[in-house]
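Morning, everyone. I have one structure for you today, and a few minutes to walk through it. Please have a look at it first.

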Amino acid sequence: MAQAMFRIWRGDARGGGFQDFTVQISDGMVVLDVVHQIQAEQANDLAVRWNCKAGKCGSCSAEINGHPKLMCMTRLSSLPLDRPVTVEPMRTFPLVRDLVTDVSWNYEVKKRIKPFQPRTPDAADGTWRMDQRDVDRVQEFRKCIECFLCQDVCHVLREHQLHREYIGPRFYVHTAALEMHPLDVANRLADLRGPGGLGYCNITKCCTKVCPEGIKITDNAIIPLKERVVDEFYDPVRRLFRIFRPKPQPPPAKGAPEAEPEPTRTAASSSAPR
Amino acid sequence: MAGYETHTYDVLVVGAGGAGLRAAIAAAAQGARVGLVCKSLLGKAHTVMAEGGAAAALGNVDDRDNWRVHFADTMRGGAYLNNWRMAELHAQEAPARVRELEAWGALFDRTPDGRILQRNFGGHRYPRLAHVGDRTGLEMIRTLQDHSVYEPKISVHMETTLITLLRSGNRVVGGFGYEREKGGFLLFRAKAVVLATGGIGRAFQITSNSWEYTGDGLGLAYRAGAELMDMEFVQFHPTGMIWPPSVRGLLVTEGVRGEGGILKNSEGRRFMFDNIPPLYQSHTADNPEEGWRYTQGDKNARRPPELLTRDHVARMIMREVKAGRGSPHGGVYLDIAWIKEKLPNAAAHIQRKLPSMYHQFKQLADVDITEQPMEIGPTMHYMMGGIKVDAESQMSTVPGLFAAGECAAGLHGANRLGGNSLSDLLVFGNRAGEYAARYAAAAPPLEAADADMKAQADQAAQEALAPFSRSRGEGPFQVQQALQELMQNNAGIVRTQAELETARAGIAELRRRAEHVAVDGNRGYNPGWHTALDLRNLLIVAEAVATAAVQRQESRGAHFRDDFPAKDDGQGLYNSIVARGAGGAMEFRRQPLRPMPAELQQIIEEMK
């Protein structure tokens with residue numbers, strides 16, 4: 001049986017470092033198998049978060065040889081084993097211990113997004129009619145397993161730490177799923193432009209590259225949302241309409257809030273919650 | 001309370017899979033303050049793994065379907081050991097629970113006229129499973145999760161594990177547990193507790209279940225004095241991945257067979273036509289052509305034998321393997337690629353209908369299921385048995401303690417039909433939450449119980465920390481692995497008296513070993529410590545399975561005895577009950593079935 005060297009980050013918020021482990025490897029193994037083997041045989045207290053081991057729950061996110069990945073879906077055959085394989089926790093989130101990070105910020109962000117609000121049912125029995133094509137468009141976003149690898153790799157969070165004024169790719173996908181839901185009637189565009197920080201995203205597509213579900217985050221979620229925000233707030237015809245409108249109307253259910261100048265933002269003016 | 005971080009709720013829900021989330025939402029809707037404790041992060045529970053769909057007699061695809069047919073199918077599947085009242089409530093309420101999810105944002109696949117699409121599944125007479133491709137569980141848990149986060153009455157405690165339930169007199173008044181991040185103890189005062197902890201898969205070596213499935217709810221309830229029921233009925237799903245070794249056991253959805261997938265042995269023979277049980281003969285196709293038409297929605301066709309109940313399909317696969325007609329890694333072949341003989345664009349069709357399966361095989365096994373057959377074999381999948389509950393309220397035999405979903409028993413009898421678990425957790429999660437909230441509203445104040453709680457918490461804390469104080473001892477993972485091997489080999493798909501006795505003796509020995517395990521490190525996020533704490537529950541459920549299985553000297557549903565291969569209605573029509581006796585040892589008794597009302601009996605006769 002072949003051997004491989006794994007260099008795993010161990011420690012907590014106070015500090016830590018890499019520890020090397022030599023492991024026996026066999027056909028078809030994934031990185032999470034190696035971590036479990038180490039846990040069972042060499043370091044009982046090696047902390048790792050995992051559940052399904054099938055790429056469906058999104059718990060075992062980590063950085064393998066520097067790449068954000070799910071440990072359960074990364075086969076050893078896809079890694080160069082002639083040198084040590086490094087496994088580190090996601091860097092964008094505060095460390096709990098070893099490979100486990102505190103991702104609770106994501107759960108708080110979700111609470112701030114306007115919930116699903118369906119239109120009145122289509123049929124007398126309280127049900128709706130939807131076309132499969134309209135459902136299909138949103139299913140891509142609903143495949144998201146909340147592994148937060150897109151959040152981990154997004155430079156607005158990773159380098160600039162703008163956790164307070166930017167919700168990140170995961171929640172643009174979530175918002176897109178709601179905005180494009182065939183039944184939803186709420187409007188989240190003002191929230192995206194303001195507290196959602198959509199303007200910070202400069203579509204480098206890093207999030208799309210790391211998504212284990214293959215969701216085209218930038219092309220199918222973020223860019224359409226940006227277009228909707230632009231249409232809503234920066235369309236010159238609409239702007240004129242707003243200026244010459246006799247007096248402000250109470251906002252309709254799906255209406256646009258008053259136009260505001262784009263606030264100036266600098267990355268340095270904010271601090272991260274960590 | 002002095003010494004421990006303390007939270008007070010009306011209802012404490014343990015587990016945040018589908019049943020726990022649905023219970024929390026229902027309890028909050030009754031005005032209760034709800035604490036929701038989950039072993040992992042919110043939204044990661046095992047419900048995400050459910051693939052096929054939620055069974056509900058909506059009648060959208062075939063208008064001959066209604067709750068009566070669903071009821072009769074469920075009872076037949078359970079070999080008539082089911083709690084008939086639960087089966088009745090489940091069939092009646094599932095459609096409303098599924099429609100409610102749609103009102104909360106779930107997006108199911110559609111019929112051509114825009115209603116919820118339903119798919120065929122084993123044991124269901126008509127297409128009945130509301131689904132989203134093959135990731136229905138994810139859609140359901142995310143819908144429930146996203147609905148619950150806006151509910152201010154629900155407080156979530158993520159990565160928190162209950163170690164023991166707290167009692168005052170004979171009633172449950174809360175729970176004591178620990179949070180993983182720092183390892184600190186938490187005391188929950190609660191007027192009612194709902195257990196929704198799922199199954200026991202980690203008692204077996206080859207399982208589709210995640211690490212969390214250690215029978216926590218069953219162990220907690222048993223130790224609190226509750227009765228467990230039907231513990232011999234462990235479902236082995238016929239199609240789990242078998243290669244590579246690291247994914248052995250990982251589920252391959254029954255949806256593959258629902259879409260036309262067929263089972264073949266190494267000789268290329270479609271062996272499922274060889275042996276169709278008499279009870280199902282009139283519902284099953286007798287030639288491949290009719291079976292194919294069934295999967296494509298022909299209402300006049302009967303289902304292919306691949307869609308017989310899971311217990312039967314699993315045993316048929318084992319028979320092929322034992323007869324030397326298995327695949328190279330000890331399973332058989334599941335082939336969906338063959339449908340290209342029937343359909344244009346078959347590859348695209350497969351990828352659209354079974355996206356996760358396509359992905360899973362491509363990524364983990366280098367197999368393209370649109371081109372090649374899959375190698376599959378049985379995997380421990382579901383626990384029919386569990387905490388004995390009242391059908392209407394889901395209350396266990398201990399006042400104030402409720403249970404819902406996989407950790408409760410009754411609905412599925414001797415064998416569960418695919419698709420009935422997602423509807424189970426919606427229907428009975430809802431009921432458990434509602435009735436727990438009502439119970440809490442009428443329960444006496446908790447203050448009188450505080451002294452009892454403190455004493456029990458102190459005792460539990462001391463026991464929980466003991467593995468740290470043993471400097472030289474075996475590691476917890478080794479004991480867990482030994483238990484899994486023991487149960488796999490001696491209490492698996494095909495059982496005998498001698499093997500089950502071996503299992504029982506082995507469990508007793510492992511209990512002694514578990515008392516001496518030692519763990520390294522400190523209390524913060526320590527998987528070794530966690531595994532040490534899990535062992536107690538795993539050993540209880542393993543002993544319960546072996547005990548009930550030894551006693552049932554017949555073969556019925558998922559329980560197959562090589563030494564008693566026939567069904568024996570003379571002595572087999574009972575529910576087995578295990579509970580902790582006065583001396584602390586496990587006690588067993590047979591509970592006769594409750595007579596079924598004439599109108600339900602008539603439904604069963606009509607649907608035969």
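Let's start with a helix. In chain B, helix α15, residues 527-551, lies across β10, β19 and β20, and runs at about 50 degrees to β20(B). Keep in mind that this is a predicted model.

Now the sheet under discussion. It is open, with 4 strands of chain B in the order β15-β10-β19-β20, and the pairing is antiparallel. β15 (386-387) and β20 of chain B are the edge strands, each with a single partner, so one side of each has no neighbour in the sheet.

Take the pairs in turn. β10(B), residues 228-229, pairs with β19(B) over 2 bridges. There, Met229(B) sits opposite Ile577(B). β19(B), residues 574-580, is joined to β20(B), residues 586-592, by 7 bridges. In that pair Arg580(B) faces Met586(B). The hairpin has 5 residues between the strands, and Gly584(B) takes a positive phi near 100 degrees.

Next, the domains. Chain B divides into domain 1, 239-380, and domain 2, 454-565. Their C-alpha centres are 33 Å apart. Each domain of chain B gives 4 residues to the contact.

How much area do domain 1 and domain 2 of chain B bury between them? About 430 Å², with 74% of it on carbon and sulfur atoms. On the domain 1 side, Asp311(B), Arg315(B) and Met318(B) supply 75% of the buried area. Helix α8 of chain B, residues 310-322, gives the largest share of that side, 3 residues.

And the polar side? Across this interface there are 0 salt bridges. There is 1 residue pair in polar contact.

Conventions
Residues numbered from 1 in each chain as written. Chains lettered and ligands numbered in written order. Predicted model: local features only at pLDDT ≥ 70, side-chain atom pairs only at ≥ 80, totals over all residues. Heavy atoms only, no water. Pairing = 2+ DSSP bridges. Contact = heavy atoms within 4.5 Å. Axes fitted to C-alpha atoms, helices over the stretch in contact; angles between N-to-C directions. Domains from an automatic or database assignment. Buried area = accessible area lost by both parts, 1.4 Å probe. Salt bridge = Lys/Arg side-chain N within 4 Å of Asp/Glu carboxyl O. Polar contact = N/O pair within 3.5 Å; in protein donor to acceptor, adjacent residues only side chain to side chain.
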